[in-house]
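I opened this entry to look up how the chain is put together, and then to follow a single residue within it.

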Amino acid sequence: MGRSLEALKADLAKVRTGRAHTGLLDHVQVEYYGSLVPVSQVANITLIDSRTIGVQVWEKPMASKVEKAIRDSDLGLNPSAMGELIRVPMPALTEERRRDLTKVVKSEGENAKVAVRNLRRDANGTLKELLKAKEISEDEERRAQDDIQKLTDRFVADVDKQLAQKEAELMAV
């Protein structure tokens, strides 16, 4: 369940808000000598200001490849190269785009909740098998199911908290 929550945090980090942050480019892959690697392995990513990300490539020939990879990513960014420095300005989000991103965030949250509930189902199935094999008593099974339900409720509440935080961040102008 913890891994499901971590996966949700990683997915939410990919959804961009109006402010720039270096984690936005974490999942952008660039071809480097025949293999795909994250941009952070071929360049230094910094914040120039609150709405601009700076990408300083380590090898001059990589600048055009990195710029193309950022442009082709699903982030809707338009980088501009200035020698070895690539400036990635963050366009302002429109109200409609904010609502669309909120829908994306909600669907990611629902996927995380489904994953947590599937883990609860699997754990309860394991308890039933142990009961059939007479390895645990009915009382132990009932107590364990209650514990699993409490754990599930806690993780679902954590997912809801993460979603509310990201939605507030998205809707902030």
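I began with the contacts of the chain in this predicted model: among those with a separation of 6 or more, 62% are between residues 24 or more positions apart.

I then listed the secondary structure and found four helices and six strands in the chain, which follow one another from the N terminus as α-β-β-β-β-α-β-β-α-α. The radius of gyration came out at 22 Å, whereas the globule rule gives 16 Å for 173 residues, and I therefore noted the chain as more spread out than a compact globule. Along the principal axes, the C-alpha trace covers about 70 × 40 × 20 Å.

Next I turned to burial and surface. I noted that 34% of the 173 residues count as buried, and that the chain exposes about 10,400 Å², of which carbon and sulfur atoms supply 51%. For the charges, I looked up 29 positive and 29 negative ones, and their mean positions lie 3 Å apart.

Last, I followed Thr-102, which I located in helix α3, the element that runs over residues 95-132.

Notes. Residues are numbered from 1 along each chain as its sequence is written. This is a predicted model: local features need pLDDT of at least 70, side-chain atom pairs count only at pLDDT 80 or more; totals for chains, interfaces and linings use all residues. Side-chain values use heavy atoms; hydrogens and water are left out. Helices (H or I, at least four residues) and strands (E, at least two) are DSSP runs, numbered from the N terminus. The radius of gyration is taken over C-alpha atoms; the globule rule is 2.2 Å times the number of residues to the power 0.38. Buried means under 20% relative accessible area, exposed over 50%, partly exposed in between (1.4 Å probe, protein chains only). Contact means heavy atoms within 4.5 Å. Accessible areas come from the Shrake-Rupley method with a 1.4 Å probe; for residues, only the protein chains shown count as cover. Lys and Arg count as positive and Asp and Glu as negative; His and the chain ends are not counted. The place of a charge is taken as NZ of Lys, CZ of Arg, CG of Asp or CD of Glu.
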